[in-house]
Amino acid sequence: MTSLTPLDEQLNRLIATVQDARPKDDISAITRAYLYAAQYHSGQIRASGEPYLMHPLAVAQILADMRMDAVSIVTGLLHDIVEDTTVSIADVQKGFGQEVANCVDGVTKLSKIDFFSAEDRQAESYRKMLLAMVDDIRVIIVKLADRLHNMRTLGVLSPERRERIAKETLEIYAPIAHRLGMGKVRGELEDLAFRYLDPQAYAEISQAIDSQRAANEEYLERMRRTVEDELRRQGVPARVDGRVKRAFSVYQKLKRQKISLEQVYDLFALRIITDSVKNCYGALGVMHNEWRPVPGRIKDFIAIPRPNLYQSLHTSVVGPEGKHVEIQIRTEEMHRIAEEGIAAHWKYKEGQRHAQDDQRIAWLRQLVEWQQDMRDPGDFSSTLKLDLYPEEVYCFTPKGRVITLPSGASPVDFAYAVHSQVGNNCVGAKVNGRIVQLKYALHNGDVVDILTQSGHVPSKDWLGWVKTSRARNKIKHVINANERERAIEIGQKYLEREARRLGVQLSRIQKTELERVAGEYGLSKIEDLYANLGYGKFSARQVLQKSAPEQISEEPPPPTVVEPPSQASRRDDDSVIKVHGVDDIMIYRAKCCNPIRGDTIVGYVTRGKGIAVHSRACTNVTNLMYDSERKIEVEWERTASDTFPVRIVVQTDDRPGLLHQLTTVLANENTNVRSLEAKTDFSSGNDAAFVEMTVDVRDKKQLEKLCGAMRRISGVRDVERSNQ
């Protein structure tokens with residue numbers, strides 16, 4: 001009797017899973033796809049040394065475990081065949097049909113996306129991904145399964161590739177899984193990415209959780225039996241599971257609340273799964289009768305589901321021994337949706353390739369629509385990241401319509417969610433019958449009444465606090481149009497004034513000449529030339545020299561902008577930052593983000609002050625740089641060896657000797673300390689201390705090395721670069 005190979009065993013397991021989950025599906029297509037993949041991937045080896053075919057088989061198994069259809073599983077088996085072999089999409093279509101070919105083509109295109117490329121290409125990559133997802137959501141589900149298996153086997157790659165793939169997973173793929181309601185996939189992707197992005201923190205948290213695992217599991221088991229017994233006595237049928245929080249979830253809580261692991265009181269969670277919505281609320285009553293609930297921790301996602309259709313009741317109670325325990329209560333159906341999301345309700349009908357009726361991808365269609373109006377690729381990239389991972393609040397119109405908004409959203413966000421014109425004409429708001437400021441942070445259950453005035457236009461100040469991409473984009477659109485009109489007017493007057501000063505007769509300059517000059521600057525119309533003059537991107541003298549050289553003498557052009565008070569500051573920044581295509585304008589690093597070498601930077605033309613250089617991660621880049629025409633490409637000079645002052649804030653336990661350890665790290669790195677202040681935080685009641693220091697660093701890499709060394713000191717809770 002011939003023993004089965006590992007590949008044969010994996011294929012048999014795959015087929016058994018499909019037959020068990022979807023007995024009516026055509027197994028023959030899956031077998032044919034396996035043989036086809038085996039033929040063309042023959043001889044290919046993964047970085048781990050195993051046959052390459054193990055990877056598509058593992059991806060197909062993940063999809064089968066999700067109860068996905070045969071088209072998805074066949075796509076999983078063939079997802080790399082076009083990219084890595086001689087097979088074409090036409091070959092796939094001929095062998096497996098149009099539907100499979102479309103899905104394989106979509107996954108192949110997603111595989112080529114580089115999310116950390118130059119901004120223009122990166123934004124285009126985002127667009128391609130969204131369009132593929134809207135066309136057939138199975139494409140992204142297969143890609144998530146592919147990414148999940150790659151993350152499980154990431155350890156065999158080089159450290160650089162591991163970090164890049166893990167970062168992409170945490171920033172793009174885990175949030176997409178969250179948006180699609182796929183909690184199980186999202187959780188595993190986050191933990192795996194965390195493991196490679198911050199191995200030190202991952203090891204410390206995992207070790208701390210593991211060291212208490214036996215005691216925690218014993219506690220949870222006692223709690224679980226008590227809950228089951230109490231529910232049985234009250235006639236509520238249910239099964240109860242216990243779990244300890246995931247490592248990444250704990251890490252996020254430590255970062256968010258700036259506490260030590262010993263202060264995380266809700267490491268435990270119980271999940272009650274019952275048979276009906278009525279019994280969900282019944283179980284909640286039993287829990288609150290048995291243990292005291294923690295105020296502010298009761299959330300009803302059954303009455304108001306999250307946008308990804310997640311439903312559950314959440315509460316936290318003070319359990320035995322005074323320990324906080326989170327409790328989630330849901331039905332079996334809600335549980336499947338929470339774990340598997342869009343994959344749980346796979347209802348593809350014959351010939352139907354668009355999941356148009358599913359609310360989970362409504363946000364996708366909105367993003368694809370909005371991106372048509374976005375000229376700036378940075379706007380689109382930031383919009384996507386804003387929309388991928390929101391924490392929601394649920395508010396109501398006076399007529400009872402539910403409006404879902406991100407946490408911290410304002411009445412302005414609410415107004416734009418109702419209608420664009422309501423947002424544009426918004427002059428005030430009432431929340432629960434009381435007049436509030438437009439930047440008021442809305443809370444769950446607020447009833448919001450927007451006050452409007454015809455002809456009113458949005459204020460650019462709104463960009464400082466709005467949270468939704470819809471509001472931000474609509475505000476930018478209106479302000480952009482107004483600013484451009486003003487810039488054209490200013491630019492035209494600037495050119496006329498400079499022409500009079502130099503004795504140039506503008507009436508003698510042909511329109512075609514100005515159009516030619518505009519073309520030299522990469523502009524299509526004379527209006528664009530005037531607008532750029534109005535923004536201060538170049539001088540009127542330069543334009544006149546190019547368009548009427550016979551009327552103007554060749555002299556060095558005067559500076560476009562006024563000198564700042566600090567000449568030293570200008571010389572320093574001019575020596576370390578270069579502006580593409582401009583050599584006679586002042587440059588300065590913006591104080592709001594204080595960029596240093598290694599930060600990705602962008603320039604913004606200001607009126608009368610030159611070019612302000614910001615880090616692309618600066619909130620002002622997203623919130624206040626509403627006009628893409630005033631952005632300008634800048635880069636760090638390669639030859640400069642300057643240092644940059646950077647403020648670092650360290651939160652620590654209040655214990656002797658810690659300050660000495662921190663200064664030792666600075667001394668070992670030969671870092672100059674400009675100032676240092678240590679103080680104890682008596683108000684928090686958790687024995688915390690803060691050390692604020694300003695140090696000179698060469699670049700971002702040195703700063704990250706310093707912060708990493710400080711974080712490894714026992715008792716250090718958090719290390720942050722501060723720009724305040």
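Student: Which residues form a nonpolar patch on the surface, and what is their accessible area together?

Tutor: Some conventions come first: this is a predicted model, in which local features need pLDDT of at least 70 and side-chain atom pairs count only at pLDDT 80 or more, while totals for chains, interfaces and linings use all residues. Residues are numbered from 1 along each chain as its sequence is written, and side-chain values use heavy atoms, with hydrogens and water left out. Accessible areas come from the Shrake-Rupley method with a 1.4 Å probe, and for residues only the protein chains shown count as cover. Here V427, I435 and L451 form the patch, with about 230 Å² of accessible area together.

Student: Is I435 buried or exposed?

Tutor: Buried means under 20% relative accessible area, exposed over 50%, and partly exposed in between (1.4 Å probe, protein chains only). I435 is exposed, because its relative accessible area is 53%. I435 is found in strand β10.

Student: How many bridges join β9 to strand β10?

Tutor: Helices (H or I, at least four residues) and strands (E, at least two) are DSSP runs numbered from the N terminus, and two strands pair if DSSP finds at least two bridges between them. Three bridges join β9 to β10 (residues 434-436), and the two run antiparallel. V431 has R434 in β10 as its bridge partner. Two residues separate β9 and β10 in their hairpin, where N432 in the turn has a positive phi of about 55°. β9 (residues 426-431) also pairs with β11 (residues 448-452), in the antiparallel sense over five bridges, and C426 stands opposite T452 in β11.

Student: What joins the side chains of T315 and H288?

Tutor: A polar contact of 2.8 Å joins them. The term denotes a pair of N or O atoms within 3.5 Å; within protein, one must be able to donate a hydrogen and the other to accept it, and residues adjacent in sequence count only if both atoms are side-chain atoms. T315 lies in strand β5 (residues 313-318) and counts as buried at 1% relative accessibility.

Terms used: Patch = residues over 30% accessible without salt bridge, like charges linked within 9 Å, V, L, I, M, F, W, Y side chains within 5 Å. Salt bridge = Lys/Arg side-chain N within 4 Å of Asp/Glu carboxyl O.
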